[in-house]
Amino acid sequence: MAVLLCLCGEPMGGSQVPCDSIVEIYTKEAIDAKIANNTDFVDLWDKNYTYWYCPRCKRLTITEDSTRHYYRSYSRIHENEHPSFEEVASWQEILFYRDREFYDAIEENDKIKVGEFVQKYPSRYLVRLSPDETKAFVFAPQDKAYLFTYVLDPKPDFEKLDGK
Ligand SMILES: [Zn+2]
């Protein structure tokens, strides 16, 4: 497992598997397509991006698997003014898991289907992504209470960060 530096300077990743800095994020649409095709859970992992969670600033950083380069990142903020869940319910639904849950599911049953996994491990949050993908609102699954917002970061100037 690689190590990635968060924009805040915190190193993420390391050698332990499962990795607490890695989260698994899918659109509900993609998951539903896998369920409809009766896809094996192990084949769900075939993807283009890795999602990193920073334990210090709680930022989400997305890297491209082919190049391992930064793709985009989202900062976690709390907004006093925010929409209710009902106001954004029709936006794209995002499912959020921890890497650890993926390993637990496989360890218990390596023949598990995507549909069985989703039933057994409900998404930890109710998430709705804005159509322009600049904001994601996160709500509690139980009572749909607002928790926090993820906001797209401006593209960082890596040359400046490297001090060149
Ligand atoms: Zn950070």
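**First stop: a loop residue**

Select E133, which counts as exposed because it has 11 C-beta neighbours inside 10 Å (buried means 20 or more other C-beta atoms within 10 Å of the residue's own, exposed 12 or fewer, partly exposed in between, with C-beta atoms placed from the backbone). E133 sits in the loop between β8 and β9; helices (H or I, at least four residues) and strands (E, at least two) are DSSP runs numbered from the N terminus. The phi of E133 is positive, about 60 degrees, although E133 is not a glycine. Most residues other than glycine have a negative phi.

The model is predicted, so to speak of local features a pLDDT of at least 70 is needed, and side-chain atom pairs count only at pLDDT 80 or more, while totals for chains, interfaces and linings use all residues. Residue numbers start from 1 along each chain as its sequence is written.

Now select R68, in the loop between β5 and β6. R68 is not a glycine either, yet has a positive phi of about 60 degrees. Is R68 buried or exposed? R68 is exposed, because 10 other C-beta atoms lie within 10 Å.

**The whole chain**

Zoom out. The chain holds 5 helices and 10 strands. Along its principal axes the C-alpha trace spans about 50 × 40 × 25 Å. Buried residues make up 20% of the 164 residues. Of the contacts with a separation of 6 or more, 58% are between residues 24 or more positions apart; a contact means that the C-beta atoms, placed from the backbone, lie within 7 Å.

**Around the barrel**

Show the strands as a cartoon. In which order do the strands of the closed barrel run? The 8 strands follow β3-β4-β5-β6-β10-β9-β8-β7, with antiparallel pairing (two strands pair if DSSP finds at least two bridges between them). Neighbouring strands of this sheet are turned by 30 degrees against each other on average, direction ignored; axes are lines fitted to C-alpha atoms, for helices over the stretch in contact, and angles run from 0 to 180 degrees between N-to-C directions.

Pick strand pairs one by one:

- β6 (residues 70-77) and β10 (residues 146-152) are antiparallel over 4 bridges, and R76 stands opposite Y150.
- β9 (residues 135-139) is joined to β10 by 5 bridges, antiparallel, with F139 opposite Y146.
- β8 and β9 pair in the antiparallel sense over 4 bridges; L129 has A136 as its bridge partner.
- β7 and β8 (residues 126-129) are antiparallel over 3 bridges, where E93 has R128 as its partner.
- β3 (residues 22-27) and β7 (residues 92-98) are antiparallel with 5 bridges, and E24 stands opposite Y97.

Go back to β9 and β10, which form a hairpin with 6 residues between them. Select K144 in the turn: its phi is positive, about 60 degrees.

**Helices on the sheet**

Select helix α1 (residues 28-36), which lies across β3 and β7 and runs at about 80 degrees to β3. Helix α3 (residues 99-108) packs on the sheet as well, touching β3 and β7, and its direction makes about 70 degrees with that of β7. Within α1, pick E29, which counts as exposed because it has 11 C-beta neighbours inside 10 Å.

**The core**

Select I31, W52, C54, L60, L95, V114 and A136, the residues with the most contacts inside the largest nonpolar core, which has 25 residues (a nonpolar core is a set of buried Ala, Val, Leu, Ile, Met, Phe, Trp, Tyr and Cys residues joined through C-beta atoms within 7 Å). β4 (49-53), β7, α4 (114-120), β8 and β9 each supply at least two residues of this core.

Stay on L60, in strand β5 (residues 60-64). L60 is buried because 20 other C-beta atoms lie within 10 Å. Leaving aside neighbours within four places in sequence, L60 is in contact with Y51, W52, Y53, S73, Y74 and Y150.

Finish at A136. Not counting residues up to four places away in sequence, A136 touches Y74, I94, V127, R128, L129, T149 and Y150.

How values were computed
Contact = placed C-beta atoms within 7 Å.
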